[in-house]
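Thanks for coming, everyone. Please look at the structure with me, and we will start with the rings.

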Amino acid sequence: TDTPGRRADAGMLWGTLVHGLLEHAMRHKTATRDDLRRLAMWLTIEQPELRTVIDLALDTVEAVSGAAFWKEARASVECHEETPFGMRVEGGAATKLLTGAIDLVYRTDDGWHLLDYKTDTHGLDADLRTKYGPQIDAYEKAWSRIAEAKVMTTLVPTKKTDGA
């Protein structure tokens, strides 16, 4: 059923598709829309229901790639896409292992910029911060420990071009 919670362009599968396309578009600066379409077909081979929203996913990537941070990341001396990390967190009753994948992190003269794409919401910045604050704070703490440098974080809501 095509309800807001069960639409093809909602949920984890949609997020995985858009993240995969954004990663490829950032990593491969000469990738064309046709290149990304071929990748989208491959990424949706086991989820054919997503093929109906490939154009919307490509439009989303195109919109995100027009942002100022995208140009800054491409021009940076060091940029990493979908970067996995793991670190031990001491304290409390037990030692924990914090793991994650940072969507985009790049270095500029004033430090590292860490971005986390959010494909499941189009909320206000305050709403995003409330919902995802602990996650982005943990990522910031981890990256600043790894990089031993100042880190600035941003949550990036991806905007679908169909008005949804």
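Phe69 and Tyr117 are both buried, where buried means under 20% relative accessible area, exposed over 50%, and partly exposed in between, with a 1.4 Å probe and protein chains only. Trp70 is buried as well, like Phe69.

A word on the source: this is a predicted model, where local features need pLDDT of at least 70, side-chain atom pairs count only at pLDDT 80 or more, and totals for chains, interfaces and linings use all residues. Residues are numbered from 1 along each chain as its sequence is written, and side-chain values use heavy atoms, leaving out hydrogens and water.

How many aromatic pairs does a search of the whole structure find? The answer is 4. Rings of Phe, Tyr and Trp (its six-membered ring) pair if their centres lie within 6.5 Å; planes under 30 degrees apart are stacked, over 60 edge-to-face, the rest tilted.

Take Phe69 and Trp70. That pair is edge-to-face, 6.4 Å centre to centre, with 65 degrees between the planes. Now Phe69 and Tyr117. This pair is tilted, at 6.5 Å and 45 degrees. It links distant parts of the chain: Phe69 sits in helix α4 (residues 68-75), Tyr117 in strand β3 (residues 111-118), 48 residues apart. Helices (H or I, at least four residues) and strands (E, at least two) are DSSP runs, numbered from the N terminus. Ring pairs join Phe69, Trp70 and Tyr117 into a cluster.

Last stop, Thr99. It lies in strand β2 (residues 96-108). Its C-alpha is 7.4 Å from that of Pro84, 15 residues away along the chain.
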